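Have the sequence and the 3D view ready, and try each task before you read its solution.

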Amino acid sequence: MATHNDTGKLGETLAQEYLVSQGFAIVATNWHRGKFEIDIIAYREGLIVFAEVKTRSHTDHGNPEEFVDNKKQRAYVRLADAYVTAHQRHEEVRFDIISVILSPDGHQIEHLENAFSPVELT
């Protein structure tokens, strides 16, 4: 497996552990339709969070969350709609970005709640 794939998988694992530590239950990981995928679907107290995880080993070219463009956001909204329809979910929905920066000394996680909304994308 390529190094960037290993980095991404590690970031997703760390993000899942973080969400669990914040009281979320992980409902699904890598849920996809077609060529698009939601990294983590989590649930807590009537709220479903669709989380995009971005992992980098440095920020020389920008922070990880800066790489979630409008196209990716639109795909997330479509996928979330497909998920809630297929699973007949009626809870509040939120779109988050979890930024993971890895370093030789460990890692740093930044959780951007309500990082985008469907209304912003119209």
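Predicted model: local features only at pLDDT ≥ 70, side-chain atom pairs only at ≥ 80, totals over all residues.

Residues are numbered from 1 along each chain as its sequence is written, and side-chain values use heavy atoms, with hydrogens and water left out.

**Exercise 1.** Work out how the elements of the protein chain run from the N terminus on.

Solution. Start with the meaning of the terms: helices (H or I, at least four residues) and strands (E, at least two) are DSSP runs, numbered from the N terminus. Next, count them: the protein chain has 2 helices and 5 strands. Finally, read off their order, which is α-β-β-β-α-β-β.

**Exercise 2.** Find the largest nonpolar core and say which elements supply it.

Solution. First, the terms. A nonpolar core is a set of buried Ala, Val, Leu, Ile, Met, Phe, Trp, Tyr and Cys residues joined through side-chain atoms within 4.5 Å. Buried means under 20% relative accessible area, exposed over 50%, partly exposed in between (1.4 Å probe, protein chains only).

Now look at the core itself: it has 15 residues, and Trp31, Ile38, Ile41 and Phe50 have the most contacts inside it. At least two residues each come from strand 1 (25-33), strand 2 (36-44), strand 3 (47-56), helix 2 (70-86) and strand 4 (92-103). Helix 2 gives the most, with 5 residues. A second, separate core of 13 residues includes Phe24, Ile98, Val100 and Leu102.

**Exercise 3.** Describe the ring pair of tryptophan 31 and tyrosine 83.

Solution. Rings of Phe, Tyr and Trp (its six-membered ring) pair if their centres lie within 6.5 Å; planes under 30 degrees apart count as stacked, over 60 as edge-to-face and the rest as tilted. The whole structure holds 5 aromatic pairs. Here the centres are 5.1 Å apart and the planes stand at 90°, so this pair is edge-to-face. Tryptophan 31 lies in strand 1 and tyrosine 83 in helix 2, so the pair ties together parts 52 residues apart in sequence. Both residues are buried.
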